[in-house]
Amino acid sequence: MAVVTNTFQTTDAVGNREELSDVVSRITPEDTPIYSLIEKGKCVTVHPEWETDELAAPGANIREEGEEYAFDAITPPKRLGNYTQIMRKDWIISATQEVTAEAGNVQKRKYQKLKKGVEIRKDVEFAIVDTNASAGGATREFGSLNTWVETNVSRGATGANGGFNPETGLTVAPVTGTQRAFTKAILDDVMQQGYQNGANFRHVSVSPYVKSVFVTFMSDSNVAPFRYAVSQGGERNTIVATADYYEGPFGTVMIHPNRVQAVSAGLARNAFFIDSDMLSFLWLRNIQEDRDVAKTGDADKGVIIGEGTLKVHNEKGLGIAADLFGLSAAS
């Protein structure tokens, strides 16, 4: 049936409020697995340093009765360090927009402050799992976890370790190798290396795709099958096709899917084996709002800023399986 002539419709209106949800959902997840796991501390310089030491390898200790003492030379500990990195998020909102009614209020100072704080926390996680070496100077950068680990490693063909360079006081980025699929053999290999070198791995951080590959280890002939009891009495039945823990010959680890590692193929290609006692994050300046930003116009300015660094207590307590297909079966 035709519409009566001159019926005023919503398509003709110019002042109708859009039907937007007043509860705005932040699509980006706020989880930061590695940063959340490790201890937080303080530092007082832009280049905090620390020392690492290790026990001598065990060996035969048999002495003759009545023999004279002989004294071993003392091996000095290694001196390590990392530079702090400044991280900042900012915004500017016109004074008029700040007082204008808006669905969701996502373009207001209070919301932006919260959002930027979450974003900078995720940027910390990104810097931890990134591939960049440390750098000094005015634009400082802390060496990512990837650039520290050189003992308990599994790399693809032509891949090479980075590590801390005591001559320069900087970390060196590793050389990428040929990508390969994540396998139980790779998992066991790194865990065995860590066990033999005194590491106590408790966590493994991987990309979501690598976590899905880990789940397929349940069908490995060398993995004990498990069953899940089917609900009775009319309750919903459940298909279980996941696993979070791996109990292998050299310990038990929890496999954490890390969404930040899915940001790029470069980040997704690494699986990090973590003993949380071997890592900490030191803040020179805690993440906070800079309240001294000058007002210079008809707008509200805001800055969230912090400065900190990653402390690797001893890289022998950590591990990495590198050069994995981290986004798909071929990337």
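**Aromatic pairs, a mixed sheet and its helices**

Student: Which residues do ring pairs link into a cluster?

Tutor: Tyr35, Phe142, Phe281 and Trp283 are linked that way. Rings of Phe, Tyr and Trp (its six-membered ring) pair if their centres lie within 6.5 Å; planes under 30 degrees apart count as stacked, over 60 as edge-to-face and the rest as tilted. This is a predicted model, in which local features need pLDDT of at least 70 and side-chain atom pairs pLDDT 80 or more, while totals for chains, interfaces and linings use all residues. Residues are numbered from 1 along each chain as its sequence is written, and side-chain values use heavy atoms, without hydrogens and water.

Student: What lies over the face of Tyr35?

Tutor: Lys40, at 4.5 Å from the ring centre. The criterion is NZ of Lys or CZ of Arg within 6 Å of the ring centre and within 35 degrees of the ring normal.

Student: How many aromatic pairs in the structure?

Tutor: There are 12. One of them joins Phe182 and Phe217, tilted, with 5.5 Å centre to centre and 40° between the planes.

Student: Where do Phe182 and Phe217 lie?

Tutor: Phe182 is in the loop between strand E7 (170-172) and helix H4 (184-196), and Phe217 in the loop between helix H5 (208-215) and strand E9 (245-248), so the pair ties together parts 35 residues apart in sequence. Helices (H or I, at least four residues) and strands (E, at least two) are DSSP runs, numbered from the N terminus.

Student: Is Phe217 buried or exposed?

Tutor: Phe217 is buried, at 8% relative accessible area. The cut-offs are under 20% for buried, over 50% for exposed and partly exposed in between (1.4 Å probe, protein chains only). Phe217 also pairs with Phe214, edge-to-face, at 5.6 Å centre to centre and 75° between the planes. Phe214 is buried too.

Student: Changing topic: what order do the strands of the open sheet take?

Tutor: The 6 strands run E5-E14-E11-E8-E10-E9, with mixed pairing. Two strands pair if DSSP finds at least two bridges between them. E5 (152-154) and E9 are the edges, each with a single partner strand, so one side of each has no neighbour in the sheet. Twist averages 20° from one strand to the next. Axes are lines fitted to C-alpha atoms, for helices over the stretch in contact, with angles from 0 to 180 degrees between N-to-C directions.

Student: And which residues of E11 are buried?

Tutor: Ala271 and Phe273 on one side, Phe272 and Ile274 on the other, so both faces are covered. E11 runs antiparallel to E8, with 3 bridges; Val204 has Phe273 as its bridge partner. E11 also pairs with E14 in the antiparallel sense over 3 bridges, and Ala271 stands opposite Ala321 in E14.

Student: What does H4 lie across?

Tutor: E5, E9, E10, E11 and strand E14 (319-321), at about 160° to E5. Its buried residues, among them Ile186, Leu187, Val190 and Met191, pack against E5, H5, E9, E10, E11 and E14; contact means heavy atoms within 4.5 Å. Just after H4, Gly198 takes a positive phi of about 90°.

Student: And H5, what does that one lie across?

Tutor: Strand E8 (203-206), E9 and E10, running at about 135° to E10.

Student: How many residues in H3?

Tutor: H3 (residues 109-129) has 21, and reaches 30 Å from its first C-alpha to its last, close to the 30 Å expected. The expected span is 1.5 Å times one less than the number of residues.
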